[in-house]
Amino acid sequence: MSDYYGVIGFLLIAGGFSWLVDHSPLSRHTLSRAMDAHRKLWMENMANRQVRIVDSQIVSGLQNGIAFFASTALLGIGAAFTLITALEPVMTAIQDVPFLDASSRTQWEVMSLGLLAIYAYAFLKFGWAYRLVNYSAMLLGATPDVARDEAATPDALAAARRAGAMNVAAGRQFNRGLRTLFMSIGYLAWIGGPMAQILATLAVAGILSYRQFFSPALAALKAGDTPDVTG
């Protein structure tokens, strides 16, 4: 059991971070939650536009981004399968590398299966996010047109709010998939031992926490400033 306390630490850290940014009282102050409000505002503004070509292009861009990361997760699944089926040469290759642990084949098999599960979870999240963006596009198309020089009707605003809520749901699924990919970096540190896995996962969680609560991007949303892209 002592060989797997790194995995236990990984699960606790990843679960704790997910609770922090999704369900804790502090989640209201995250970058993701701030962007949720802008997603809803975008759709309400869309309802007042007579021509919505730009909105459709934005949705298409979101779909392309999600599809890219879904493909990345599929590559991760393939790599994890390859690792499982080729453990002998991999373990032999790293035996002479300092600070890497290749002493237990069973441990490597269990860890490789865990890596496969992580990438499969990320793919499911990205796949569902892609589907929800499709729904959002359909709801955008179903929003009643607005007459020239007139404000959106109550029916149009209600339809736009439904599209905004669907877009928010898609964004949250995408964020969870992306978070899973980031956390997999910490999980991969198991080749250096349990403590390396825990420290790497803590480092990844710390970076993601900074981005959610203290990043220049969040400051830009709050104050309207341009984020510093040089750092």
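Arg 179 and Asp 22 are joined through their side chains by a salt bridge, with N and O 3.0 Å apart. The term denotes a side-chain nitrogen of Lys or Arg within 4 Å of a carboxyl oxygen of Asp or Glu. Arg 179 belongs to helix 6 (residues 154-188) and Asp 22 to helix 1 (residues 5-22), so the pair ties together parts that are 157 residues apart in sequence. Helices are DSSP runs (H or I, at least four residues), numbered from the N terminus. Arg 179 is buried, its relative accessible area being 11%; buried means under 20% relative accessible area, exposed over 50%, and partly exposed in between, with a 1.4 Å probe and protein chains only.

The model is a predicted one, in which local features need pLDDT of at least 70 and side-chain atom pairs count only at pLDDT 80 or more, while totals for chains, interfaces and linings use all residues. Residues are numbered from 1 along each chain as its sequence is written, and side-chain values use heavy atoms, with hydrogens and water left out.

## Other salt bridges

Over the whole structure, a search finds 6 salt bridges. In one of them, Arg 49 pairs with Asp 55, and the closest N and O atoms are 2.5 Å apart. Arg 49 is partly exposed at a relative accessible area of 31%, whereas Asp 55 is buried at 1%.

Another salt bridge brings together the side chains of Asp 145 and Arg 52, at 3.8 Å from N to O. This pair links distant parts of the chain, 93 residues apart: Asp 145 is in the loop between helix 5 (105-142) and helix 6, and Arg 52 is in the loop between helix 2 (31-47) and helix 3 (53-85). Asp 145 is exposed, with 64% relative accessibility, while Arg 52 is buried, with 10%. Elsewhere, salt bridges with shared partners connect Asp 22, Arg 176 and Arg 179 in one network.

## Helix 1 against helix 6

Two packed helices are described by the angle between their axes and the distance between the axes. For helix 1 and helix 6, the axes come within 11 Å and cross at roughly 150°. Helix 1 is therefore roughly antiparallel to helix 6, a label for angles over 145 degrees.

Helix 1 contributes Val 7, Phe 10, Ala 14, Phe 17, Ser 18, Val 21 and Asp 22 to the contact, and helix 6 contributes Arg 176, Arg 179, Met 183 and Tyr 187. Contact means heavy atoms within 4.5 Å. By class, the residues of this contact are 7 nonpolar, 1 polar and 3 charged; Ala, Val, Leu, Ile, Met, Phe, Trp, Tyr, Cys and Pro count as nonpolar, Asp, Glu, Lys and Arg as charged, and the others, Gly among them, as polar.

Helix 2 packs with helix 8 (residues 216-223) at an angle of about 40°, the axes being 10 Å apart. The contact consists of Leu 31, Ala 34, Met 35 and His 38 from helix 2 with Ala 217, Leu 218 and Leu 221 from helix 8. These comprise 6 nonpolar residues, 1 polar residue and no charged residues.

Ser 215 is located in the loop between helix 7 (194-213) and helix 8. Ser 215 is buried, with a relative accessible area of 7%. Not counting residues up to four places away in sequence, Ser 215 touches Leu 31 and Tyr 210.

Note on methods: Helices (H or I, at least four residues) and strands (E, at least two) are DSSP runs, numbered from the N terminus. Axes are lines fitted to C-alpha atoms, for helices over the stretch in contact, and angles run from 0 to 180 degrees between N-to-C directions. Angles under 35 degrees count as roughly parallel, over 145 as roughly antiparallel, 65 to 115 as roughly perpendicular and the rest as oblique.
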